[in-house]
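Please read the report below alongside the sequence and the model, and look up each residue as it is named.

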Amino acid sequence: MAPKSIDAVDDQIKDVIQDLFQIQVATHNYAGPQTQQELVRLITQLAGSLAILSDDASALPDQIPPEIIDYVDSGRNPDIYTREFVELVQKGNQYLKGRSEALTGFRDALGEEMVKAWPEMKTDVDNVLQSSHTEQNKREEIVVQTNGTST
């Protein structure tokens with residue numbers, strides 16, 4: 001079955017609402033046995049519309065995380081969930097950035113101390129530092145391209 005669009009599901013929901021409205025009108029104007037057949041037809045039509053809606057809705061891709069659905073079901077605002085999630089991600093990013101900067105400083109200090117202790121290894125240490133700087137610059141470029149901002 002081809003995936004249905006949200007518009008198709010929206011149309012099916014409108015059909016179900018229309019069927020319910022027609023049942024409400026028929027019930028309000030109930031005139032005895034002559035309207036009973038009409039009610040049976042409308043209820044059968046509603047059942048068919050609900051079956052089609054169920055099939056179409058189940059074919060939609062799930063794009064809403066279950067945590068948000070639970071959050072809304074408990075009567076909370078999904079915008080608050082989003083804000084808390086963004087704050088949590090920012091906090092994690094800041095932690096990882098600090099850790100990365102600390103390791104970069106350690107790498108540079110270690111390289112300097114190694115050159116002081118073993119001057120004959122200066123070329124090798126410089127090569128390692130240069131290659132790690134190059135790798136770090138590549139990672140930073142990827143982050144900048146992903147975020148669309150520069151550091």
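The buried residues of helix 2 are covered in part by helix 1, and in the other direction the cover over the buried residues of helix 1 includes helix 2. Helices here are DSSP runs of H or I with at least four residues, strands are DSSP runs of E with at least two, and both are numbered from the N terminus. A residue is called buried under 20% relative accessible area, exposed over 50%, and partly exposed in between, with a 1.4 Å probe and protein chains only. This is a predicted model, in which local features need pLDDT of at least 70 and side-chain atom pairs count only at pLDDT 80 or more, while totals for chains, interfaces and linings use all residues. Residues are numbered from 1 along each chain as its sequence is written, and side-chain values use heavy atoms, with hydrogens and water left out.

**Helices 1 and 2**

In helix 2 the buried residues are Thr 35, Leu 39, Leu 42, Leu 46, Ser 49, Leu 53 and Asp 56. In helix 1, Val 9, Gln 12, Val 16, Asp 19, Ile 23 and Ala 26 are buried. Helix 2 has 26 residues, and the distance from its first C-alpha to its last is 38 Å, close to the 38 Å expected at 1.5 Å a residue; the expected span is 1.5 Å times one less than the number of residues. Helix 1 has 23 residues that should span 33 Å at 1.5 Å a residue, and this agrees with the 33 Å between its end C-alpha atoms.

Which residues make up the largest nonpolar core? This core has 9 residues, namely Val 9, Val 16, Ile 23, Ala 26, Leu 39, Leu 42, Leu 46, Leu 53 and Leu 60. Helix 1 (6-28) and helix 2 (33-58) each supply at least two residues of this core. The term nonpolar core stands for a set of buried Ala, Val, Leu, Ile, Met, Phe, Trp, Tyr and Cys residues joined through side-chain atoms within 4.5 Å.

Gln 24, by contrast, lies in helix 1 and counts as exposed, at 53% relative accessibility. The C-alpha atoms of Gln 24 and Leu 39, which are 15 residues apart along the chain, are separated by 9.5 Å.

Val 86 lies in helix 4 (residues 78-117) and, at 40% relative accessibility, counts as partly exposed. Together with Phe 85 and Val 89, Val 86 makes a nonpolar surface patch of about 250 Å². Patches are made of residues with over 30% relative accessible area and no salt bridge, with like charges joined within 9 Å and nonpolar side chains (Val, Leu, Ile, Met, Phe, Trp, Tyr) within 5 Å.

A salt bridge is a side-chain nitrogen of Lys or Arg within 4 Å of a carboxyl oxygen of Asp or Glu, and by this rule the count comes to 6 salt bridges. The table lists some of them.

| Salt bridge | N to O distance |
|---|---|
| Glu 101 and Lys 97 | 3.6 Å |
| Arg 107 and Asp 108 | 3.2 Å |
| Glu 113 and Lys 116 | 3.5 Å |

Glu 101 and Lys 97 are separated by about one helical turn, because they are 4 residues apart in helix 4. Glu 101 is partly exposed, with a relative accessible area of 47%, whereas Lys 97 counts as exposed at 53% relative accessibility. Glu 113 and Lys 116, being 3 residues apart in helix 4, are likewise separated by about one helical turn. Glu 113 is partly exposed, with a relative accessible area of 46%, and Lys 116 is exposed, with a relative accessible area of 61%. Is Arg 107 buried or exposed? Arg 107 is buried, with a relative accessible area of 18%, while Asp 108 counts as partly exposed at 25% relative accessibility.

**The whole chain**

The protein chain holds 5 helices and 0 strands, and its elements run α-α-α-α-α from the N terminus on. Of its 151 residues, 15% count as buried. Among contacts in the protein chain between residues at least 6 apart in sequence, 50% join residues at least 24 apart. The accessible surface of the protein chain comes to about 12,000 Å², of which 58% belongs to carbon and sulfur atoms; accessible areas come from the Shrake-Rupley method with a 1.4 Å probe, and for residues only the protein chains shown count as cover.

Definitions and conventions
Contact means heavy atoms within 4.5 Å.
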